[in-house]
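Hi everyone, thanks for coming. Let's look at one helix pair together, and then at a pocket.

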Amino acid sequence: MFNDLKPHIAELRKRLVIISITLVVAFFACFAVYEPILNWMMVPVEAVLPEGSYMVAIEVQETFFTALKVAFFSGFLLTLPVIFWQLWLFVAPGLYENEKKFVFPFVFFATLMFLVGASFAYYIVVPFGFDFLINFGSTVVTVLPSIGKYVGFFTKLLFGFGIAFELPVITFFLAVVGLVNDRMLKDFFKYAIILIFVLSALLTPPDILTQFLMAGPLIILYGVSILVAKTFNPAKEEEEDIEEEDD
């Protein structure tokens, strides 16, 4: 059994090495220009800071480790096409020839949807969420956000939204290989709603507004995923008839 796994392990190692090398190169490139990237990250929070408030570093090493976080996250974004390309190449040997032709649409839309999700978080969720969190009680205390904690939370939020917006792309892949169809997604919808709100509660700040700002688009994207599955792997009519009779 182990011998059967050896080729897959070797292939996985090859893909991970390529991703790692690309990520390291992107990391150092972004580290060299981390200051303008950090300024861009701080725009949403600086726009909602009360008068007299500003960003601070509360530990000696905080600015250095913040620069590392900024460079790594920025490098990750630059490496996204390579990551998705290598992921496809890893699973490609198990696909049929007619399925392998979807490599470029998969890489393009997977990268695009991640960036759309991250942009949605940057331009909508972060300003609303931090406006509530920072200005709550600001008449009583002076708000001095830690730059390290802010960047850590900021990157977590953008990463969470980026992953969440991959739902139609994941559905596309599963539909192409025949693992899901539109009927399965429709039947799972009521459970998906619960999972979406649980995920939103885990990935967003602890306020209702930002949780709904994630849950709302995810519900819409789930509907888009049903259409994607219906396009690439629709449920057979006889299967639908059997399920309707069971109901």
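**A helix pair and a pocket**

Let me start with the contact itself: Gly160, Phe161 and Ala164 of H6 meet Leu213, Met214, Leu218 and Leu221 of H10, with contact meaning heavy atoms within 4.5 Å. Sorted by class, that contact has six nonpolar, one polar and no charged residues; Ala, Val, Leu, Ile, Met, Phe, Trp, Tyr, Cys and Pro count as nonpolar, Asp, Glu, Lys and Arg as charged, and the others, Gly among them, as polar.

A quick word on the source: this is a predicted model, where local features need pLDDT of at least 70, side-chain atom pairs count only at pLDDT 80 or more, and totals for chains, interfaces and linings use all residues. Residues are numbered from 1 along each chain as its sequence is written, and side-chain values use heavy atoms, without hydrogens and water.

Now, how do the two helices (DSSP runs of H or I, at least four residues, numbered from the N terminus) cross? The axes of H6 (residues 147-164) and H10 (residues 208-232) come within 10 Å and cross at roughly 20 degrees. So H6 is roughly parallel to H10, a label for angles under 35 degrees.

On to the largest pocket, which holds about 380 Å³ of space. Its lining has 20 residues, with Ala164, Leu167, Ile170, Leu199 and Leu218 nearest the centre; lining residues have an atom within 4 Å of a point on a 1 Å grid, and a pocket is an open set of points where a 1.4 Å probe fits, with protein on both sides within 12 Å along at least five of seven lines.

Which helix gives the most to that lining? H9 does, with five residues.

Notes:
Axes are lines fitted to C-alpha atoms, for helices over the stretch in contact, and angles run from 0 to 180 degrees between N-to-C directions. Angles under 35 degrees count as roughly parallel, over 145 as roughly antiparallel, 65 to 115 as roughly perpendicular and the rest as oblique. Grid points are joined across faces, edges and corners, and a volume is the space filled by probe spheres set on the points.
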